[in-house]
Amino acid sequence: MRIFLTIYILVIIATVSILGFRGSLTEKEPVEVFNDMDRQAKYKPQAENSFFKNRQNDRLKPSLAVSRGSALDMRAVFDPDFQGVSEARLIELSGKNEDGTFSNDFPFEVDYKLMQDGQKNYNIYCVSCHGVSGDGNGVTKPYGILAASYHDDRLRNVEDGYIYDVIANGKGLMYGLKDRLDMRQRWSIVLYLRALQRSQYTDQNDLSNKEKSELGL
Amino acid sequence: MANIFPKWVNAVPVKVIIALVLIKIAVVVGVTYYFSPEYTRVGYAPTQPVAFSHEFHAGTLDIDCRYCHTFVDRSGHSNVPGSNVCMSCHSMVLKNDPKLATVRQSYDSGEPIPWVRVHKAPDYVYFNHSVHVNRGIGCVECHGQVDEMEVVYHAKQLSMGFCLECHRNPEDYIRPVEEVYNLDWQRPTDPEAISEIEGFVHDWGVNPPQSCSGCHR
């Protein structure tokens, strides 16, 4: 019995010292104890796939292909009177008129919801560099990122389509965000950016009397 | 006639029973402790090909989760960002740093960075990120305080019991939608605010499935 107890305790000590305790940091990949179909031969997003040469499961779209819903309205394409992309749709897609100049038309109906979306998207994708008020003093500035301020005459007078184009395709040091933002999101940021500009460049005649008295004017 | 069995044999059955009971206890305790995802998964912290610090980017800089994990609220899969997202800043910041050589190489060649996946639900679980984050389940509930992790580790067990705990009592875990990406948000303590938060379950029609086919499709 004494021998048994000695072995028993030694085995427990050995197990604990080899396997350790719950929650300790480890580089070892988790063991799947009962791996019944835990890993199946199916394709999951952003996974590896040995079938393709570059081993990527996600395929890039062929060059010049346009993904569904991103350019043409399918119902319009199958309309007997279809001629091509309408100018309104072209502005929505690219911010440009048919002659290639930037458009000043805003293709969405402006409402509070779109403004809120714009604020949300701005605070995700733009705020780190351009700052909360759009003055170019984002949190990344001390690390050497140069971001434009929206509060100068050039950007106050520029067309909406230009801002849309910069958000989508980038400009100078700024990378475009078109892979991450859909059209509505980009236009919502244009809208919010206009609100930011207004917030820093308002004529006091635009204010109500109550707002003026609050500000002591 | 001499005794066939010596006297010490009388104690053998008792000793065998005690030994078996001890072994059984050790096995049951050991299996419960070590076969659980709380041991196998929690604490998994693989070395990544690029020493990306969530603590700095998400914590110190306070960049929104969705800046990189863009499609978490639009897709079932929460994406790992492409290297163009890294380069949006790192084309300016640390642009010649050897620590980022892998990122630059990936950006130039189009080969993805071989990030090591930390959180891996079994393939028979159909977890949808967007439906959770858009209904007030914070990132932190499943991923822990990622904004305080220098190296990301598996913080929660993500076992079926873990999922069901929340699916059975969503009112204990739900939070305002605008606080989903705020990992430091604390549940309020005063009863009025708590009942308002618990009311989200009813207001948003949150009805988490508890049937098998809810997750195992």
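Colleague: Which residues are buried in helix α5 of chain B?
Modeller: In α5 (residues 83-90) of chain B, the buried ones are B:Ser83, B:Val85, B:Cys86, B:Ser88 and B:Cys89. Buried means that 20 or more other C-beta atoms lie within 10 Å of the residue's own; 12 or fewer is exposed, in between is partly exposed, and C-beta atoms are placed from the backbone. Helices (H or I, at least four residues) and strands (E, at least two) are DSSP runs, numbered from the N terminus.

Colleague: Before we go on, how should I read the model and its labels?
Modeller: It's a predicted model, where local features need pLDDT of at least 70 and side-chain atom pairs count only at pLDDT 80 or more, while totals for chains, interfaces and linings use all residues. Residues are numbered from 1 along each chain as its sequence is written, with chains lettered from A and ligands numbered from 1 in the order in which they are written.

Colleague: Back to that helix. What covers the buried residues of α5(B)?
Modeller: The cover includes β2 (174-175) of chain A, along with α4 (65-68) and α6 (101-109) of chain B.

Colleague: How many residues of the two chains are in contact?
Modeller: 36 residues of chain A are in contact with 40 of chain B, contact being C-beta atoms, placed from the backbone, within 7 Å. On chain A's side, α1 (2-19) and α4 (112-125) each supply at least two residues. α1(A) gives the most, with five.

Colleague: Now the largest nonpolar core: which members touch the most others?
Modeller: Those are A:Ile167, A:Ile189, A:Val190 and A:Leu193, out of 40 residues. A nonpolar core here is a set of buried Ala, Val, Leu, Ile, Met, Phe, Trp, Tyr and Cys residues joined through C-beta atoms within 7 Å. Helix α8 (183-199) of chain A is one of the elements supplying at least two residues, and α8(A) gives the most, with seven.

Colleague: And what does A:Ile189 touch?
Modeller: Not counting residues up to four places away in sequence, A:Ile189 touches A:Gly118, A:Asn121, A:Tyr122, A:Cys126 and A:Ile167.

Colleague: What about A:Met183, why does it count as partly exposed?
Modeller: Because A:Met183 has 18 C-beta neighbours inside 10 Å. Leaving aside neighbours within four places in sequence, A:Met183 is in contact with A:Glu92 and A:Leu93.
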